[in-house]
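Work through these exercises with the structure open. Each task is followed by a stepwise solution.

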Amino acid sequence: MSHTQKFQPSDDCVAETAGEVMAERARIVIIGGGIAGVSALYHLAKMGCTDVLLLERDELSSGSTWHAAGNVPTYSGSWSIMKVQKYSAELYRELAKDKENPINYHVTGSVRLAHSNERMAEFKHVTSMARANGMEYDVLTPKELKDRYPLLETHDLVGALWDPLDGDIDPSQITAAMAAAARKMGSRVRRNERVTALKQHANHEWTVTTDKAEIECEIVLNAAGYRAGEVMALIGRHLPIMTMSHQYLITEEIPELEARGENKLPLLRDPDTSYYLRQERSAFILGPYEWQSTAMWLDGIPDQFANMLWPADIERLEKQILDAGERVPVIGDVGIAKVVNGPIPYAPDGNPYLGPERGLRNFWHCNTFSFGIAQGGGAGKAIAEWILNGRPEFDLWSIDRRRYKEYATTQYTVDKALEVYQNEYAMGFPFEERPAGRPSYMSPLYDLLKSKGAQFGAVVVGSAPPTSIRRAKSPITRCRSSASRVGARSSPKSATPHETASQSSTCRASPRFRFLVLVRPRISTTCCAPSFRRSVVSVSSTHSCPMARC
């Protein structure tokens, strides 16, 4: 397709003047100027596609990006998401070398604590995945952990995982650096310009109407963060997205940290208690994923919320604060200097949306990131490859926009997302099924099979009898999490039950199970009773959940 000559602005040409009409044509229009949209702009330009216009309704990174803690883990129980996050870290390390756009990026490494042998088995599995991807993860004994983190109490720990590439970055700085690089290559960025309408024509091209101009384009990319659902509403479609309140707190300065100088402590995560702890100058940032998760904006997003936060709600973080004070005692000697309570978008499984919109040509997604800083760099690369080459380097079906259909209503999305947030660090086990939002999408045989005692699982096409599993010569015993130390894996009576297997950090089979019989139900063509086919398989002691993430 031919394109009109591109407008070539200077780096500071951002449509600041009221009523100014700029270029009327672009090949691609990106809606949203957070880290995901800017990363897509940058990677499209790197691949030679600079006829791209990014529209941001407020300022760059003014949605969820600006207030993010900025952690950059590579850890994931998913092979493809691990690749996405590994690439993000590599990209940020490279961009941090640019002296023209300074970025505060600290590669400190991280430790993840294990309170049980089950958690250690998970860590060993992910370590093998990381090493296969060229990352030198390691599993630490309590003594080795103490050597890396001297302020830590290790008396009740089995060990830990070491990720040498973990760290933290300034989210606004990395977003600005990618925007500057993209503009330098010829792409365009216009701030303070709101998209008000989208119209597709018979030739599948689009007219994007803003409060300042009309832009004709071939492709629209929805990178609008927690406002991605509003963009979808402009074309009469629903996006399963909700907004969660996530808090982290910053302590007062701690003399022991100040004495360390430039020798920063590694980032610490305690998955069994569900928080992360990171050194920030001479203080700590503590970020819990608490059981009392809170959905926001159920009646709609305010028109103006750029660079804004909600009031602190520190009471719901009490458990994690107390546990962190016992784990790292120096925290107990200082107060809280600041609490950041901001919006984070969630899909029902907590994973982002990438790829084309179902049944609609030339409309793409790169939005709804719950871990946007860690995944933004790799997501921008993937969506650029997908748009220009027809497919990304990574297999990203687990985060493909088309994984959800009409059954994913607003209530379903809220129920599942709350469940995900509560279990953000929880272990996932084979054939574990969590109840929130179910049943929502069932086969015509659901009632019949249920009446015959079938057990159902959430699969891509809805609720269906899962492959059942039995140990040869003896019945299977359900694997269970050993997070009883903190008692956070059963919902209080006042809470809605929430969960999702897709958000667990890894799925594992119990090490004592080696030979298993898979029993797959098959529906007879002459009656509706399930028949069965059996096969014996050998399984290793651990395996990964395809939807797991950091």
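**Exercise 1.** Find which residues of α1 meet which residues of α5, and classify the residues of this contact.

*Solution.* In α1, take Ile 35, Val 38, Ser 39, Leu 41, Tyr 42 and Ala 45. They meet Ile 174, Thr 175, Met 178, Ala 179, Ala 181 and Ala 182 in α5. Contact means heavy atoms within 4.5 Å. Sort these residues: ten are nonpolar, two polar and none charged. Here Ala, Val, Leu, Ile, Met, Phe, Trp, Tyr, Cys and Pro count as nonpolar, Asp, Glu, Lys and Arg as charged, and the others, Gly among them, as polar.

The model is predicted: local features need pLDDT of at least 70, side-chain atom pairs need 80 or more, and totals for chains, interfaces and linings use all residues. Residues are numbered from 1 along each chain as its sequence is written, and side-chain values use heavy atoms, without hydrogens and water.

**Exercise 2.** Describe how α1 and α5 pack.

*Solution.* Locate α1 at residues 35-46 and α5 at residues 171-184. Helices are DSSP runs of H or I, at least four residues, numbered from the N terminus. The axes are 9 Å apart, at an angle of about 30°. The two helices are therefore roughly parallel (angles under 35 degrees).

Technical notes
Axes fitted to C-alpha atoms, helices over the stretch in contact; angles between N-to-C directions. Parallel < 35°, antiparallel > 145°, perpendicular 65-115°, else oblique.
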